Amino acid sequence: MLSLSSSAAADPWLALVVGNSRLHWGAFNGDRWQGSWHTPYLSRAQLAQLKSGSFGPSRWQELGIATPLQIPGLSFPQLWMASVVQSQADLVRDVCQDYPGLHLVTLSQVPLTHTYPTLGID
C-alpha cells in the first residue's frame, strides 16, 4: 500500500514499462518504491480517464483495476515510460501529449555498457 508522509507528498511519480504482452506500473515516492501492479494494454479511453485524474487512485478504482494505491486525492504528476512495443508507446504518447509530466525513457539514456546488441529497454 502506498503511504506518503505529508512532507514527501510532492514527490510521488509513476513508472510505466510497456512490455510485449502487458503494462507494468510502479509507484514511487522520491527514490522509494511503493508498490507495483500489472494491467493488460489499456484503451485510448481508459488512458484518457487515468490522465484526467493524474493517474491517482480514484481513477484506477473507477476502471476496476486493483492497485496498491489507497490515498484519496493522491496524484502522480510525473509519468516515466519505457516501451518495447512501439504501437503502445505511440498510444500513450498520443493520449498524454498534453500531460506536462510525461517523460519517455529510451535505451540511449540508460548508462549500461558491454551489453548485447538486441538488449531491450524493458
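## Basis of the model

In this predicted model, local features need pLDDT of at least 70 and side-chain atom pairs count only at pLDDT 80 or more, while totals for chains, interfaces and linings use all residues. Residues are numbered from 1 along each chain as its sequence is written, and side-chain values use heavy atoms, with hydrogens and water left out.

## The sheet

An open sheet is formed by 5 strands in the order E3-E2-E1-E4-E5, with mixed pairing. Strands (E, at least two residues) and helices (H or I, at least four) are DSSP runs numbered from the N terminus, and two strands pair if DSSP finds at least two bridges between them. The edges are taken by E3 (32–39) and E5 (102–104); each has a single partner strand, so one side of each is left without a neighbour in the sheet. From one strand to the next, the twist averages 20°.

Strands E1 and E4 run parallel and are joined by 6 bridges. Within this pair, Leu 16 has Met 81 in E4 as its bridge partner. Strand E4 (residues 78–83) also runs parallel to E5, to which 3 bridges join it. Here Leu 79 stands opposite Leu 102 in E5.

## Helix H3 and the crossover

Helix H3 (residues 86–95) packs on the sheet and touches E1 (12–18), E4 and E5, where contact means heavy atoms within 4.5 Å. The direction of H3 makes about 160° with that of E4; axes are lines fitted to C-alpha atoms, for helices over the stretch in contact, and angles run from 0 to 180 degrees between N-to-C directions.

From E4 the chain crosses through H3 to E5 in a right-handed β-α-β crossover. Right-handed means that, with the strands pointing away from the viewer, the path from the first strand over the helix to the second runs clockwise.

Most residues other than glycine have a negative phi. Ser 54, in the loop between helix H1 (44–52) and helix H2 (57–62), has a positive phi of about 50° although it is not a glycine. Phe 55, also placed in the loop between H1 and H2, has a positive phi of about 60° and is likewise not a glycine.

Ser 54 has 23% relative accessibility and therefore counts as partly exposed, whereas Phe 55, at 1%, counts as buried. Buried means under 20% relative accessible area, exposed over 50%, and partly exposed in between (1.4 Å probe, protein chains only).
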